[in-house]
Amino acid sequence: MAESKPKPKVRKQAVPIPKQPPEVRKHNFNEVALGYTEEQALEEANRCLQCPKPQCIRGCPVEIDISTFIRLLREGKYDEAIKKIKEKNSLPAICGRVCPQEEQCQKMCVLGKVGEPVSIGRLERFLADWERARGFTVPEKAPSTGKRVAIVGAGPAGLTAAADLAKLGHEVVIFEALHLAGGVLVYGIPEFRLPKSIVQAEVDYIKKLGVELKLGYLIGRTYTIPELLKKRGFDAVFIGTGAGLPQFLGIPGENLGGIYSANEFLIRVNLMKAYAFPEYDTPIRIGRHVAVIGGGNVAMDAARSALRLGAEQVCIVYRRSREEMPARKEEIENAEEEGIICKFLAAPTRFIGNEKGWVKQMECICMELGPPDESGRRRPVPVKGSEFLMDIDTAIIAIGRTPNPIIQSTTEGLAVTKWGTIVTDENGKTSLEGVYAGGDIVTGEATVISAMGAGKKAARAIHEYLMNKK
Amino acid sequence: MYEILSVRELAPKIKLFEVHAPEIAEKARPGQFIMVIINEKGERVPLTIAEYDAGKGTIAFAFNEVGKTTKQLGTLKEGDRVWNITGPLGNPSEIRNFGRVLCVAGGVMIAPMLLQIKALHETGNTVVAVVGARIKELLFFKEEIKALSHKFYVATDDGSEGYKSLEFLKDVLAEEKFDRCVAMGPVPMLKTVSEFTKPFGIPTVVTLMPVMVDGMGMCGVCRVSVGGKMKFGCVDGPEFDGHLVDYEELIKRQRMFLPEERLSSLLWELGGCGCGRK
């Protein structure tokens, strides 16, 4: 009987991941978290209870067989373990780093009830890094179906859909508007959280699956969706163009110099490598005092990048309180460890410039929290007469991104919501035959992994569609 | 990689590149632009399309060798390649029979203006053209534009050829009736032309090329105030109602990165940035 077995001793604390010390890392763009050593990975994997009915899998948007890969890992079968992950996820080195595991698989882990859950993300990262160091093996592909699929956008959704469709034997071409593949992984998430060489390696893996990558093709301009289907010989299209449009505050002075959208700031730094100016051509100017407006992961990324670019003081200004901050807890902690200040319950009301048109001050108003709004979070209400001034050289506006409108406006008959997102069924099918969509372009700004999950579902639906088509 | 098929020096430090880009050539229309990246470390530079030929699979663009990237582009020869070109971007110009159209072009933008005038001419417009530059040596495409124009004027800042400054336009506008004005050139010129046409109520379209990074609506650095509303040069433009643009703000925004641009350009002239790359 089960009760007679000796109970395994449960280690309540997770093995911590080695990190660059805050004092060191705030001066460089190298990765903050250094990853588990083999010894640490095994120690952490051994904490897993190997539940007969693993809950963790239910928390994974791409349905990785987590419990099995952890078992293989602790048996030392790293090769089989990473293969197990890659059955479901073609981008493990990325997911192991940027997935909000605490909200997904790790939230479901039963160990979490008595202590810290198994660090599934760190183990995934360990295996992905182990594999990359040895060179990828390309999995077997299904025989060619003779069908061609165009993928629009080389972000997490598009790359995932491309990999899955290629494995199923379809000919896949990705059209990416920027000059590098990766979407938000290259233009949005900073080097210190996700090294670009890792994104490149994962993109190379997808190319090894036979996927063709066309860079600098803005679909909607260079070709339209109907042209891809009717003139360019594609049997189906997947749209994964993301939410890449910046939102501004709409307050006076916003067009002064020194005020960046988070997108501009991060594109300059990440995609164009402005931190290496003038070796790279694209410049960035940072100044001494930086204010970042917003409380999400993008705000954290922008603030921590500003610090690394040499800002003396970086202050995050958020209109709600710490509890409502949408950023990952880990990222808030990382930012604060590095010396970033969070100013809660305040919102900018105007920017004041100098005679050269450069921002010098930001006027803010204090907020207090009222009853919850539609989002379920308590609505911030301005406190009358509580305005105050902050001296700043740079402001970065990180209050969210909206969907790219170009495809919607150039594709007749494509159903779109009032927010500009594309309407699909639960499998990513749009109102047009043979046209599928997924990721932020459907849901609005969300996570890398949810976009990957959507890419995966759509790939399945596209495969079914192509196989049933005469 | 995009191969340069021919290089033409239009004026000192102003070059016209014809490149092989069949997919862009097929889609390009007057008024649109491309983003050019010279190499892996390059910046993304917006340049207005000056010619396209879908049959030959070519497009052409002109540039003025003023900054680091344009100076570097200027060293490229026929047969060399640029790393990436994305396009066509931005909204095409509205081209139809307006009637009498006043076309004012200055500096390097004379090149895309020729394309514009060709299209306006073909759709039956009567074109009155003005080309201008700082000094007469920087003028080009005079004969080509003259051949398509009902009337043709030249202006230079120093008066070395044609009229000195654009002041004469006031008289032209007082004497003749126009249904539309199209202006392409430096921002102060666009501002002047818009100020001149406003009292006559002539619809005036100006082409704006603010600082851009992606050129596809993602970064918002190209934001301009038009009629008090925030617009993006890349996706809402590049053409705007000249009477509604906040030119003072635009001029300040164009100078935002001037010190960095100067540094980059200087280092380039001194033989690279110190990283061992020429």
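A:P278 sits in the loop between α12 and β7 of chain A (helices, H or I of at least four residues, and strands, E of at least two, are DSSP runs numbered from the N terminus). The model is predicted, so local features need pLDDT of at least 70 and side-chain atom pairs count only at pLDDT 80 or more, while totals for chains, interfaces and linings use all residues. Residues are numbered from 1 along each chain as its sequence is written, chains are lettered from A and ligands numbered from 1 in the order in which they are written, and side-chain values use heavy atoms, with hydrogens and water left out.

The peptide bond between A:F277 and A:P278 is cis, with omega about 5°. B:P88 belongs to strand β7 of chain B. Most residues other than glycine have a negative phi, and most peptide bonds are trans. A:Q50 has a positive phi near 50° and is not a glycine. A:Q50 is placed in the loop between α2 (38-45) and α3 of chain A. A:Q50 is partly exposed, at 21% relative accessibility (buried means under 20% relative accessible area, exposed over 50%, partly exposed in between, with a 1.4 Å probe and protein chains only). A:L345 also is not a glycine, and its phi is positive at about 55°. The loop between β9 (341-343) and β10 of chain A holds A:L345. At 26% relative accessibility, A:L345 is partly exposed.

The loop between α12 (262-271) and β7 (289-293) of chain A also contains A:D281. A:D281 is buried, with a relative accessible area of 2%. The side chain of A:D281 makes a polar contact of 2.7 Å with that of B:K68. A polar contact is a pair of N or O atoms within 3.5 Å; within protein, one must be able to donate a hydrogen and the other to accept it, and residues adjacent in sequence count only if both atoms are side-chain atoms.

Strand β1 (residues 148-152) of chain A has 4 of its 5 residues buried, so the strand is largely enclosed by the rest of the structure. β1(A) runs parallel to strand β2 (residues 171-176) of chain A, and 5 bridges join them (two strands pair if DSSP finds at least two bridges between them). Within this pair, A:A150 faces A:V173 of β2(A). β1(A) also pairs with strand β4 (residues 236-239) of chain A, in the parallel sense over 4 bridges. Here A:A150 stands opposite A:V237 in β4(A). A right-handed β-α-β unit is made by β1(A), helix α8 (residues 156-167) of chain A and β2(A). A crossover is right-handed if, with the strands pointing away from the viewer, the path from the first strand over the helix to the second runs clockwise.

A:G242 lies in the loop between β4 and β5 (245-246) of chain A. A:G242 is buried, at 19% relative accessibility. A:T443 is 201 residues away from A:G242 along the chain, yet their C-alpha atoms are separated by 9.1 Å.

Strands β10 (residues 346-353) and β11 (residues 359-372) of chain A are antiparallel, with 7 bridges. A:I352 is opposite A:Q361 in β11(A). The two strands form a hairpin with 5 residues between them, and A:G357 in the turn has a positive phi of about 85°.

In chain B, 7 strands form an open antiparallel sheet in the order β6-β1-β2-β5-β4-β3-β7. β6 (81-82) and β7 (84-89) of chain B are the edge strands, each pairing on one side only. Strand β3 (residues 33-37) of chain B is joined to β7(B) by 4 bridges and runs antiparallel to it. B:F33 is opposite B:L89 in β7(B).

The structure holds 5 cavities of 30 Å³ or more. On a 1 Å grid over the protein atoms alone, a cavity is a set of points where a 1.4 Å probe fits but cannot get out; lining residues have an atom within 4 Å of a point. A volume is the space filled by probe spheres set on the points, which are joined across faces, edges and corners. The largest cavity has a volume of about 140 Å³. Of its 16 lining residues, A:C48, A:C51, A:C56, A:C109 and A:V110 are the closest to its centre. Helix α3 (residues 66-74) of chain A gives the most to this lining, with 3 residues. The lining of the largest cavity has 13 nonpolar, 3 polar and no charged residues (Ala, Val, Leu, Ile, Met, Phe, Trp, Tyr, Cys and Pro count as nonpolar, Asp, Glu, Lys and Arg as charged, and the others, Gly among them, as polar).

Conventions: 1 Å grid on protein atoms, 1.4 Å probe; cavity = no way out; pocket = protein on both sides within 12 Å on 5 of 7 lines; lining within 4 Å.
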